[in-house]
Amino acid sequence: MLQEDVFKKLVAHCKEYGFVFQSSEIYDGLSAVYDYAQNGVELKNNIKKYWWDSMILLHENIVGIDSAIFMHPTIWKASGHVDAFNDPLIDNKDSKKRYRADVLIEEQLAKYEDKIGKEIEKARKRFGETFDEKQFRETNGRVLEYQLKWDELQARFVKALNDSNLDELKQIIIDQEIVCPVSGTRNWTDVRQFNLMFSTEMGSTADGALKIYLRPETAQGIFVNYLNVQKTGRMKIPFGIAQIGKAFRNEIVARQFIFRMREFEQMELQFFVRPGTELEWFQKWKQTRMNWHQALGFGSDNYRFHEHDKLAHYANAAVDVEYRFPFGFKEVEGIHSRTDFDLSQHQQFSGKKITYFDPELNESYVPFVVETSIGVDRMFLQIMAASYAEEEIVSEDGKKDMRVVLRLPAPLAPVKLAVLPLMKKDGLAEKAREIIDDLKFDFNCQYDEKDSIGKRYRRQDAIGTPFCVTVDHQSMEDNTVTIRYRDTMLQDRVAIAELKNIIAGEVSMKKLFAKL
Ligand code: GAP
């Protein structure tokens, strides 16, 4: 199946099985804004718990906060967002469609990568086991030609970004003969900068309303509270402050479902360190975060680091954790060494001293910060993409059938167990309810008595429920049930009294934390 088709199916699945709905759907939707449905919100909460507990429970020197979305507008001046949180925009004059100039060029780079990938795949098929990819890359004429084009374009692109040279970005688009995907023409406007922050007004106009911004990142709420937390929590450097919360960006290219949204959620850690030690901590956090991702068991080949060519105005090192989505390797998380930029700026703009007194060094300084920043929604999409599978199976009557299964890590699954009475009568329904009553405070359980058992299994597979428990006539006699495992579809007969232990062992976050 084409990767594009996989993605379409995934989006349809999210709607059909109550994970994600388009916001304001009955009014034809609001672009790049989405609502989480009954199963989606459970998965999202579990992702947040996995992140939060991995920060707060596993690190004695990390605490959490929940700061307000609205903040004093000068914060955004100090942080550089008012002046520099921009995307370079270009319009096609024929289609009237607007694009990010940098994204158009990145897509062109990806085309060269694709061409190289295709040559390699062809050769791999031709040469079989004797194929040496490294040698092929170094000697094949076509691959070398595409690689040279990629290298030249990349170097020119990075220089244009670093110089903030908008004319050069446009010239690259023209020289590369990039066309508008809608009109197919190269009739482009000049490239302009566009600020991504949403603004609103606080207070009535009669009183002189204050223009304020919806935060584009949660990080600034941590920076302006760092000294309050340090003092009240008696924190000693190195220490971290974690936060989960909404962020808002007026994204121009809002595509790929929940990958790029206008309202989204971030999970951010600001880790405060001694000046001069930040690059060491940056390396540590890089590895810690990669381990966190890979503990989910989706295959280490599907992750990679991407070093930034152009550093944000606040960073002296930056790397992305990328995952292989159906539409290619894309960023899930950013790890940045933000220097003392933010704290120094807030010190300057607020006029308040926000230095830390280091008792070991007996001196005061503005701490340096290493940040890890991940989008909840993007992580959600990554997990859904990694878990979605279509499989051919043999049904109970021996016929070939298909099932869609979400192979979600059990600790993240929205529903942990479904209890299914084989039939409603003979007390089986009541017995099933008794099991749920006993387990519902430990796990999210679902009761289902409608349709054949096969259909009920399919429904639970489609939402990723790791365990289905079936109550039958034997259960009435000996208090045993069958437990069916989602991934293998194997079934065991177990005592009802054992269920709690069997399930707890698999769905506990401890199972993931043990791998960190
Ligand atoms: N405080 C640093 C910061 O905000 P970022 O790289 O702009 O850095 C961090 O964003 C993460 O937030 C990204 O890796 C991504 O997962 C998520 N994110 C950013 N913009 C997003 C958007 N428009 N929609 C969904 N997630 C987004």
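The model contains 47 salt bridges, counting a side-chain nitrogen of Lys or Arg within 4 Å of a carboxyl oxygen of Asp or Glu. This is a predicted model, in which local features need pLDDT of at least 70, side-chain atom pairs count only at pLDDT 80 or more, and totals for chains, interfaces and linings use all residues. Residues are numbered from 1 along each chain as its sequence is written, and side-chain values use heavy atoms, with hydrogens and water left out.

One of the salt bridges joins Lys44 and Glu265, whose closest N and O atoms are 2.7 Å apart. This pair links distant parts of the chain. Lys44 sits in helix α2, Glu265 in strand β10 (residues 263-273), and 221 residues separate them. Helices (H or I, at least four residues) and strands (E, at least two) are DSSP runs, numbered from the N terminus.

**Helix packing**

Two packed helices are described by the angle between their axes and the distance between the axes. Axes here are lines fitted to C-alpha atoms, for helices over the stretch in contact, and angles run from 0 to 180 degrees between N-to-C directions.

| Helix pair | Angle | Axis distance |
|---|---|---|
| α2 (residues 38-56) and α13 (residues 376-387) | about 110 degrees | 10 Å |
| α7 and α8 | about 155 degrees | 9 Å |

Helices α2 and α13 are therefore roughly perpendicular. Angles of 65 to 115 degrees count as such; under 35 is roughly parallel, over 145 roughly antiparallel, and the rest oblique. From α2, the contact (heavy atoms within 4.5 Å) takes Gly40, Leu43, Lys44, Ile47 and Lys48. From α13 come Val376, Asp377, Met379, Phe380, Ile383 and Met384. These residues divide into 7 nonpolar, 1 polar and 3 charged. Ala, Val, Leu, Ile, Met, Phe, Trp, Tyr, Cys and Pro count as nonpolar, Asp, Glu, Lys and Arg as charged, and the others, Gly among them, as polar.

Helices α7 and α8 are, by their angle, therefore roughly antiparallel. On the α7 side the contact uses Leu153, Arg156, Phe157, Ala160 and Leu161. On the α8 side it uses Glu168, Leu169, Gln171, Ile172 and Asp175. By class, there are 6 nonpolar, 1 polar and 3 charged residues.

**Domains**

The chain is divided into domain 1 (37-71 + 196-404), domain 2 (86-195) and domain 3 (408-513). These bounds come from an automatic or database domain assignment. The C-alpha centres of domain 1 and domain 2 lie 29 Å apart. Their contact takes 10 residues from domain 1 and 13 residues from domain 2.

About 1000 Å² is buried between domain 1 and domain 2, and carbon and sulfur atoms give 55% of this. Buried area is the accessible area (1.4 Å probe) that two parts lose on being put together, summed over both. In domain 1, Leu196, Ile252 and Lys310 lose the most area to domain 2, together 52% of what that side buries.

The count between these two domains is 1 salt bridge. Glu251 forms a salt bridge with Arg100, with the closest N and O atoms 4.0 Å apart.

**Backbone**

Most residues other than glycine have a negative phi, and most peptide bonds are trans. The bond from Ile237 to Pro238 is cis, with omega near 5 degrees. Pro238 lies in the loop between α10 (226-232) and β9 (239-248).

Ser164 has a positive phi, near 45 degrees. Its place is the loop between α7 (141-162) and α8 (166-175). Phe257 also has a positive phi, near 60 degrees. Phe257 is in the loop between β9 and β10.
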